[in-house]
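Please keep the sequence and the model in view while reading.

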Amino acid sequence: MTATPPAGTDTGTAEPGGGRLRHRAVVILAAVALVAFLADLLTKHLALLGLSDREPVRLLGGAVYLSLTRNSGAAWSIGADHTWIFPLITLAVIGWICWMAVRLRSVPWAVSLGLVLGGALGNLVDRIFRAPGHFVGHVVDMISLFDPYGQVWPVFNLADSALVCGVVLAVVLELTGRQRDGSRLGREKTTDETPATQRERA
């Protein structure tokens, strides 16, 4: 005869399906990051092959230009004299995302963090491996809006786009109360729903 555990006792099944939800979210995060990272590497490789030593390529009536540049700093060349600090910041961001993945159960947050991770890795590779040297490498940029030389908006790359999209999505998720564990702020919990069910609904 099996005794029934007292109420409130942690039997290890308080959140059925929690492990499955976490696994799904982590897989999606990794997949999004990998796609963003590989797409960034490919576009940079193609830019170096096709845009070196030539005039900017005009697209969409001048709304977009393909113009190869190498940036030692951030947007608008901010911090160009302190290139070494950007890999350290990127490594901190990557570490934070890995830490967040341990408790991640939300698919939208997985997509957001995956975009940020993929973009961060794409530019980190440039910082570490490209000229002029390790950890002071210049990032390859090639997309300019409304001007061939970045006079209207800083020249950027696909990694930058992934980072921006990931951050914007994160802000939207925060503003709408969606939590990284899959729950949603402001939603009343009913007595017959488990935490895992709450996350499924979120």
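Across which strands does helix α1 lie, and at what angle does it run to β3? Helix α1, residues 18–50, lies across β2 and β3, and its direction is at about 80° to β3. The model is a predicted one, and the points below are grouped by topic.

**Overall composition**

- The protein chain contains 5 helices and 3 strands.
- In sequence order, these elements follow the pattern α-β-β-α-α-β-α-α.
- Of the 202 residues in the protein chain, 36% are buried.
- Among contacts between residues at least 6 apart in sequence, 63% join residues at least 24 apart.

**The sheet**

- The 3 strands form an open sheet in the order β1-β2-β3, with antiparallel pairing.
- The edge strands are β1, residues 57–59, and β3, residues 139–145, each of which pairs on one side only.
- From one strand to the next, the twist averages 35°.
- As a general point, strands of a sheet pair through backbone hydrogen bonds, in either a parallel or an antiparallel manner.
- Strand β2, residues 64–71, pairs with β1 in the antiparallel sense over 3 bridges; L59 stands opposite V64 of β2.
- On its other pairing, β2 is joined to β3 by 6 bridges, and these two strands also run antiparallel.
- Strand β3 is mostly covered, with 6 of its 7 residues buried.

- K44 is located in helix α1, the helix that lies across β2 and β3.
- Is K44 buried or exposed? K44 counts as buried because its relative accessibility is 0%, and the cut-off for a buried residue is under 20%.
- Which residues does K44 contact, leaving aside neighbours within four places in sequence? The partners of K44 are G122, N123, D126, R130, V139, V140, M142 and N157.
- Of the two helices α1 and α3, the axes come within 7 Å and cross at roughly 35°.
- The crossing of α1 with α3 is right-handed, and the contact between them comprises 16 nonpolar, 4 polar and 4 charged residues.

**Packing of helices α3 and α4**

- In general, two packed helices are described by the angle between their axes and the distance between the axes.
- For helix α3, residues 107–129, and helix α4, residues 158–175, the axes come within 7 Å and cross at roughly 150°.
- Angles over 145 degrees count as roughly antiparallel, and α3 and α4 are therefore roughly antiparallel to each other.
- The crossing of α3 and α4 is left-handed.
- Helix α3 contributes P108, W109, V111, S112, L115, V116, G119, A120, G122 and N123 to this contact.
- Helix α4 contributes A159, D160, A162, L163, C165, G166, V167, L169, A170, L173 and E174.
- By class, the residues of the contact of α3 with α4 divide into 14 nonpolar, 5 polar and 2 charged.
- G122 and N123 of α3 take part in the contact with α4, and G122 and N123 are also among the residues in contact with K44.

**Backbone features in the loops**

- L60 lies in the loop between β1 and β2, and this residue has a positive phi of about 55° although it is not a glycine.
- L60 counts as exposed because its relative accessibility is 72%, the cut-off for exposed being over 50%.
- The loop between α3 and β3 contains P132, which is joined to A131 by a cis peptide bond with omega of about 10°.
- F135 also lies in the loop between α3 and β3; its phi is near 70°, a positive value in a residue other than glycine.
- Where does F135 fall in terms of accessibility? With a relative accessibility of 37%, F135 counts as partly exposed.

Key. Residues are numbered from 1 along each chain as its sequence is written. This is a predicted model: local features need pLDDT of at least 70, side-chain atom pairs count only at pLDDT 80 or more; totals for chains, interfaces and linings use all residues. Side-chain values use heavy atoms; hydrogens and water are left out. Axes are lines fitted to C-alpha atoms, for helices over the stretch in contact, and angles run from 0 to 180 degrees between N-to-C directions. Helices (H or I, at least four residues) and strands (E, at least two) are DSSP runs, numbered from the N terminus. Angles under 35 degrees count as roughly parallel, over 145 as roughly antiparallel, 65 to 115 as roughly perpendicular and the rest as oblique. A crossing is left-handed if the near helix is turned anticlockwise from the far one by less than a right angle, and right-handed if clockwise. Contact means heavy atoms within 4.5 Å. Ala, Val, Leu, Ile, Met, Phe, Trp, Tyr, Cys and Pro count as nonpolar, Asp, Glu, Lys and Arg as charged, and the others, Gly among them, as polar. Two strands pair if DSSP finds at least two bridges between them. Buried means under 20% relative accessible area, exposed over 50%, partly exposed in between (1.4 Å probe, protein chains only).
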